[in-house]
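Student: I have a structure to study, and I would like to work through it by questions. Can we look at it together?

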Amino acid sequence: MPQVIPDTSRLLEGLNEAALIARGRRVIASNSAAKALLGDGIDGDGLEQVISHPAAIEALDRIGSADMEEVELAGLGGSRRHWLMRSAPLADGTYLIRFVDRSEVAAAEQMRVDFVANASHELRTPLSTLIGYTETLREQGDEIDGDTRERFLSVVHDEARRMQRIVEDLISLSRIEAEKFTAPTEAVNLAPLIEQALGGAQRIADERGSTLVREVDPELPPIAADRGQILQLLDNLITNALRYGEPGTPVTVAAHAEGSMVHLAVADQGEGIAPEHVKRVTERFYRVDTSRSRSLGGTGLGLSIVKHIVERHRGRLVIDSELERGTTVHVLLPVS
Ligand SMILES: Nc1ncnc2c1ncn2[C@@H]1O[C@H](COP(=O)(O)OP(=O)(O)O)[C@@H](O)[C@H]1O
Ligand SMILES: [Mg+2]
């Protein structure tokens, strides 16, 4: 029987990851993904030059042996890239080296680590205030006059409330995330939910001298939704529009059908968000001005909650904002 000699380069191209074949310490063939990662002219070069990463160079002695462990290459081909290098012996002293792209997994893991750190930090600040004020009240209670005591107690109360809001938002986020693979199916009429959310926001609107304007199509078809989550989404968007809108200017909530989606838009006339921040405001705890958000009672989690609700509903979120003009948040939700 004739021996089948596979066309090495076609075989390498057939792998959907960066891969090369080496003999000794030299590259003898590579696919285009490997060339994109390591450089165009790598065929014929030494492995030390080609994979110039300390962890890889350290592992080269073991490379090609059947039991080489996987080697993590953080930062190869870009500071945010992350690869797993694997090798397997082939015939005649050659071996195959593959690079599995783990950048997304590494980024997700980094986000998780950052999130825990940020959440702890957000809770530690009010907690320190609570401990400081209660200690003072306890140790110097006799010397503190009634007015000061009241002031201290209201600080303690406000900080405890802030912690409560953060914890409630964190619980919301994790609930929404836990359900992200099950799209809501209930047929929900948006118009009454908009009314309910606007009713809840009326007090803040009055305080800020803002009018709440509705432009809701009376023929709006029902959406496939989770009622509680849509109310939460509306609350967050309307509260933001009131908080960050210019006092005395209107906040508009509009909704109309658009093909198989319902288009909801919440618009304010306010300071707007600069383009470099727009990309990031849906990240957990990201704020343009942290102390301002805190003083307005924000947790920095509202838009992140909104984003997760929209994702769970298989919808779309677009934040359209112009500095000094205002912000419109568009949400597309599928019709039931
Ligand atoms: N309508 C808006 N206009 C201007 N800035 C906004 C608006 N909505 C959100 N932002 C900015 O995005 C940040 C994140 O919003 P959010 O997640 O709701 O957190 P929070 O309101 O608790 O600070 C806010 O701190 C603010 O800087
Ligand atoms: Mg908010």
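Student: Which helix gives the largest share of the shell around ligand 1?

Tutor: This is a predicted model, in which local features need pLDDT of at least 70, side-chain atom pairs count only at pLDDT 80 or more, and totals for chains, interfaces and linings use all residues. Residues are numbered from 1 along each chain as its sequence is written, chains are lettered from A and ligands numbered from 1 in the order written, and side-chain values use heavy atoms, leaving out hydrogens and water. Helices are DSSP runs of H or I with at least four residues, and strands are runs of E with at least two, numbered from the N terminus. Helix 8 (227-244) and helix 11 (302-312) each supply at least two residues of the shell. The largest share, three residues, comes from helix 8.

Student: How many residues surround ligand 1?

Tutor: A residue counts if one of its heavy atoms lies within 4 Å. Asp268, Ser293, Thr299, Gly300 and Leu303 are the closest. By class, the shell has seven nonpolar, eight polar (Gly counts here) and three charged residues (Asp, Glu, Lys and Arg). The number surrounding ligand 1 is 18.

Student: How much of the accessible area of ligand 1 does the protein cover?

Tutor: Start with polar contacts, pairs of N or O atoms within 3.5 Å. A polar side-chain atom of Asn240 lies 2.8 Å from an oxygen atom of ligand 1, and a backbone N or O atom of Gly300 lies 2.7 Å from an oxygen atom of the ligand. On its own, ligand 1 has 530 Å² of accessible area (Shrake-Rupley method, 1.4 Å probe). The protein covers 96%.

Student: What is the bridge partner of Leu317 in strand 12?

Tutor: Strand 11 pairs with strand 12 (residues 326-334) in the antiparallel sense. Seven bridges join the two. The partner of Leu317 is Val331.

Student: Which residue in the turn between strand 4 and strand 5 has a positive phi?

Tutor: Strand 4 and strand 5 (residues 94-101) run antiparallel, joined by seven bridges. They form a hairpin with four residues between them. The phi is about 55 degrees, and the residue is Asp92.

Key:
Two strands pair if DSSP finds at least two bridges between them. A polar contact is a pair of N or O atoms within 3.5 Å; within protein, one must be able to donate a hydrogen and the other to accept it, and residues adjacent in sequence count only if both atoms are side-chain atoms.
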